[in-house]
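The entries below follow the order in which I looked.

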Amino acid sequence: MVREFKLPDVGEGVSEGEIVQWLVDEGDAVEEDQPVAEVETDKAIVEVPSPVDGTVRDINAEEGEMVPVGTVIITFDVEGEADEPAEETAEPAGDDAASEPAGDAGSETAVDADEEVETPEGRVFAAPSARRLARELGVDIAAVEGSGPSGRVTEQDVRAAAEDDEAEPEPATAETTTGGADDGATAEADAGAVSADSAQTGGATGGTAASVESADRDRTLAAPATRKLAEEEGVDLNAVPATEERDGEPFVTPEAVREYAQAQQEAQRADTEALARREEPAEREVREPYRGVRKSIGDQMEQSKYTAPHITHHDTVDVTNLVETRERLKVEAEDRGIRLTYMPLVMKAVTAALKEFPMVNASLDEENEEIVKKQYYNVGVATATDAGLMVPVVDDVDRKGLLQIASEMNEKVQKARDRSISIDEMQGGTFTITNIGGIGGEYATPIINYPEVAILALGTIEQRPVVEDGEVVARHTLPLSLSADHRIVDGADAARFTNRVKEYLKQPELLLLE
């Protein structure tokens with residue numbers, strides 16, 4: 001029995017997905033829950049599992065193709081029933097092809113509907129896509145040796161057969177020139193031959209160098225001086241077209257050797273120039289599809305920028321004590337198997353400040369014209385991935401200890417980077433922090449993670465000159481950039497909130513009171 005598998009709804013509100021990669025080929029045996037494809041939606045990349053034990057019958061979508069949810073993307077032969085296709089073959093044959101005689105040309109209609117093909121040699125098992133490909137490439141599928149289960153012919157088998165067919169005629173062309181008779185052939189047999197467009201009919205001697213083509217003989221007569229000349233020119237004497245015959249054998253003259261050597265040099269130079277011309281435009285411009293996660297990021301940024309009027313407040317805080325505190329705690333965290341960065345400390349400081357400034361931990365319900373002040377503190381951490389920016393969220397930061405926050409954040413950030421994070425783990429945030437300092441830089445104008453109303457960007461922590469008691473001293477400082485939705489957060493509130501965050505970062509022991 002054939003089991004169709006439709007692209008499921010792999011995320012909330014997702015209507016379509018891109019087939020990033022097939023993890024199986026037609027003819028492969030699969031087990032239930034075995035991933036068969038990677039599908040990218042506008043949220044993330046997810047693996048699609050097989051619903052059954054069986055064999056992949058047809059793959060109906062190409063890699064890179066956008067497929068609507070509900071579309072049949074793959075079919076399976078359920079295990080134990082795949083070797084009984086006779087009944088399936090009989091039905092369509094009766095409808096569409098019963099009057100067609102068994103043969104190669106008249107069976108196309110039946111071929112489209114069935115998996116097996118009746119040939120004079122017997123039945124050939126192949127997927128419809130493989131048979132379709134064979135027709136497109138002009139390959140006799142009955143002559144193809146299948147590498148799939150039970151000898152099933154796969155698309156790869158067809159392509160390999162097509163490549164073999166293309167390779168076969170070339171030696172035959174070379175044979176027509178053997179013996180030195182110039183018959184006007186226009187193709188060459190090996191790399192040493194001249195290009196096809198320059199080969200032309202001409203006399204045995206006196207033609208242009210480009211008209212010379214490889215002879216590819218087994219035996220050639222020539223004077224010793226000619227053989228020496230061929231060796232100096234790096235020419236295979238058996239490849240040089242013969243201009244004369246001696247005792248019924250091809251005889252090559254010095255002029256023919258020089259002509260052939262010159263033709264080879266010109267052909268190599270032409271190939272080099274053609275290759276250089278072909279590569280130049282490819283390096284100047286590359287186009288990639290704008291879709292999936294990248295488009296989702298772009299749409300979100302556009303909505304945020306043109307919905308929420310942004311203001312950005314910049315400041316700098318002395319975090320020398322924070323650096324020392326983190327150095328002490330880092331050792332303890334490592335003993336517990338947890339890597340402690342500055343981010344969990346900043347998350348605690350931000351959460352403490354959010355409690356004092358609820359308007360910064362809010363959102364705007366535009367439909368009902370209400371400001372929604374959140375009584376929970378789910379902090380997102382903007383994370384750069386190969387696919388673009390993702391924001392894993394650590395829930396209820398105010399209820400968790402520092403090491404628990406660090407552990408959870410590390411896990412989710414890593415999952416975002418290896419694209420294994422779930423959509424749920426990136427939703428429900430109330431405030432976002434982005435660390436531009438990890439790459440380098442001081443200040444930024446971060447785009448709010450809409451519908452949140454504020455986002456904090458961290459610059460690079462490094463020693464900078466600071467004036468203390470009239471003296472310039474080196475202190476560890478951290479640049480801060482707070483963007484806020486000016487509809488909800490006034491500039492003064494943004495400054496006061498940032499000042500409170502600074503206090504916690506400058507004196508991290510205050511966090512012990514939270």
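**Entry 1. Terms and basis.** I count two strands as paired if DSSP finds at least two bridges between them. Helices (H or I, at least four residues) and strands (E, at least two) are DSSP runs, numbered from the N terminus. The model is predicted, so I noted that local features need pLDDT of at least 70 and side-chain atom pairs count only at pLDDT 80 or more, while totals for chains, interfaces and linings use all residues. Residues are numbered from 1 along each chain as its sequence is written, and side-chain values use heavy atoms, with hydrogens and water left out.

**Entry 2. A sheet of three strands.** I looked up an open sheet whose order is β11-β13-β12, with mixed pairing. Its edge strands, β11 (221–222) and β12 (244–246), each pair on one side only. β11 and β13 (residues 249–252) run parallel and are joined by two bridges. L221 has F251 of β13 opposite.

**Entry 3. Helix α6.** Which residues of α6 (residues 224–233) are buried? I found T226, L229 and A230 to be buried, where buried means under 20% relative accessible area, exposed over 50% and partly exposed in between (1.4 Å probe, protein chains only). Seen down the axis of α6, these buried residues fall within an arc of 100°, so they line one face of the helix. The arc is that of the directions from the helix axis to the C-beta atoms. An α-helix has 3.6 residues a turn, so residues three or four places apart point the same way. The face of α6 turned away from the buried side carries exposed P224, A225, K228, E231 and E232. After α6 comes G234, with a positive phi near 70°.

Entry 4. I traced β2 (residues 16–22) to two partners. β2 and β7 (residues 66–68) run antiparallel and are joined by three bridges; E18 stands opposite M66 in β7. β2 and β4 (residues 35–40) also run antiparallel, with four bridges between them; I19 stands opposite V39 in β4.

**Entry 5. Strand β20 and its neighbours.** Why is β20 described as largely enclosed by the rest of the structure? Four of the five residues of β20 are buried, so the strand is largely enclosed in that way. I found that β17 and β20 pair in the parallel sense over four bridges, with V381 opposite I433 of β20. β20 also pairs with β21 (residues 454–458), in the parallel sense and over four bridges. There N435 stands opposite L458 in β21.

**Entry 6. Nonpolar cores.** A nonpolar core is a set of buried Ala, Val, Leu, Ile, Met, Phe, Trp, Tyr and Cys residues joined through side-chain atoms within 4.5 Å. The largest has 42 residues, of which M347, V350, F431, I433, F497 and L505 touch the most other members. α10 gives the most to this core, with nine residues. Apart from it lies another core, of 18 residues, including W22, V30, I59 and V67.

**Entry 7. The second largest pocket.** On a 1 Å grid over the protein atoms alone, a cavity is a set of points where a 1.4 Å probe fits but cannot get out, and a pocket is an open set with protein on both sides within 12 Å along at least five of seven lines; lining residues have an atom within 4 Å of a point. Grid points are joined across faces, edges and corners, and a volume is the space filled by probe spheres set on the points. I noted a volume of about 690 Å³ for the second largest pocket. Its lining has 27 residues, and M343, R417, N435, G437 and G438 lie nearest its centre. At least two lining residues come from each of α10 (343–356), β17 (379–385), α11 (402–417) and β20 (431–435). α11 gives the most, with five residues. By class, the lining has 15 nonpolar, 10 polar and two charged residues. Here Ala, Val, Leu, Ile, Met, Phe, Trp, Tyr, Cys and Pro count as nonpolar, Asp, Glu, Lys and Arg as charged, and the others, Gly among them, as polar.

**Entry 8. Backbone exceptions.** Most residues other than glycine have a negative phi, and most peptide bonds are trans. I found a cis peptide bond between Y450 and P451, with omega about 10°; P451 is in the loop between β20 and β21. D396, not a glycine, has a positive phi of about 50° and is partly exposed, at 26% relative accessible area. R419, not a glycine either, has a positive phi of about 65°, lies in the loop between α11 and β20 and counts as buried at 18% relative accessibility.
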